[in-house]
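Below is a short note on the pockets of one protein model. Please read the points with the structure open.

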Amino acid sequence: MTDMLILGYGPAGISAALYGLRAGLSVQLIGKDGGALAKAHMIQNYYGLEQPLTGEQLLEVGHKQAMALGANIIDDEITDLMFDGQGFSAKGLAGEYHGKVCIMATGAARNKHPVAGMTELEGHGVSYCAVCDAFFYRQKKVAVLGSGEYALHEVQELAQVVASITLLTNGAPLTASFPPNVRIESRHLQSLVGEGQFKGVRYEDGIEEEFDGLFVALGSANATDLAKKAGAGFDGPTLVLDKDFQTTLPGLFAAGDCTGGTLQVAVAVGEGAKAGLAAIKYLREHRA
Ligand SMILES: Cc1cc2nc3c(=O)[nH]c(=O)nc-3n(C[C@H](O)[C@H](O)[C@H](O)COP(=O)(O)OP(=O)(O)OC[C@H]3O[C@@H](n4cnc5c(N)ncnc54)[C@H](O)[C@@H]3O)c2cc1C
């Protein structure tokens, strides 16, 4: 088992890794793409840059720095995070990864566009975790909101227990291959239906359809989704973090854009450093 498992290899994840590696820990970083930094045309406002760098160049420098110190960097998309009381297991599309402590640094959730009524019905028929909640929908009619690999993962979890699955793409193109017994519904959603309890959805043409439950799996899993799956505490929609960026689950931390603060490289690096140092301390005191 790796000492420090880091989900996301952007500035926050790499910064945390540098501290872990220099403390002599084994560090594994999992990322699925270049994140926000790779999209930045030019970075001019980060300390130490005599000349501006493109986001991709800055990312490459960070990766080389971490690899020179011995980081194990893996390309994979994480869909699940579990905590067994001693450590963390992250399930990806290509493999499963284990860490004594875990730092979530998955960036801002830019691709999440909640449908009207979604937040209010969360926990009342609207779920973000098939592996946690599928059991409550045995032999029921459920819908999954999404269109990619993450939605496919949730479909596969549900398929073993529910009576039927409809994939609500909300107009988005399919980016994964879904099993033939999953009905694909591509109409845009106007709103969810139900007061206090989810009852179904209303499509753009005003037609309503009843469902027993809705599983939300838009884009890819972010820190919020993963923290919910692992069982970390929330205050409303906000992930609870202490001053060291530790969640309510001992040994699980979050850093960078995913914590919802100022979306800047300097802030992500600073939070990564804080979370990294706190994770080292936690590991030495509790899981050495
Ligand atoms: C167009 C643009 C321009 C910007 N310009 C500037 C600027 O000039 N100055 C500045 O300071 N900041 C700028 N920013 C913001 C800056 O890029 C971010 O604040 C910074 O990259 C945040 O770092 P992070 O590590 O928290 O997240 P990110 O850089 O977004 O990294 C997130 C990481 O998580 C991984 N990930 C996400 N989900 C999963 C999953 N399910 N499984 C596995 N891996 C996953 C991604 O692959 C990625 O490796 C800009 C951002 C954009 C989009």
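1. A pocket is an open set of points on a 1 Å grid over the protein atoms alone, where a 1.4 Å probe fits, with protein on both sides within 12 Å along at least five of seven lines; lining residues have an atom within 4 Å of a point.

2. This is a predicted model, in which local features need pLDDT of at least 70 and side-chain atom pairs pLDDT 80 or more, while totals for chains, interfaces and linings use all residues. Residues are numbered from 1 along each chain, and side-chain values use heavy atoms, without hydrogens and water.

3. The second largest pocket holds about 590 Å³ of space. Its lining has 25 residues, and Ala109, Asn222, Thr224, Lys228 and Pro237 lie nearest the centre. Helix α6 gives the most to this lining, with 4 residues. By class, the lining has 12 nonpolar, 8 polar and 5 charged residues.

4. The largest pocket has a volume of about 880 Å³, a volume being the space filled by probe spheres set on the points, which are joined across faces, edges and corners. Of its 41 lining residues, Gly35, Ala36, Thr106, Gly107 and Ala108 lie nearest its centre.

5. At least two lining residues of the largest pocket come from each of α1 (11-22), β2 (27-31) and α7 (265-286). Helices (H or I, at least four residues) and strands (E, at least two) are DSSP runs, numbered from the N terminus.

How values were computed:
Ala, Val, Leu, Ile, Met, Phe, Trp, Tyr, Cys and Pro count as nonpolar, Asp, Glu, Lys and Arg as charged, and the others, Gly among them, as polar.
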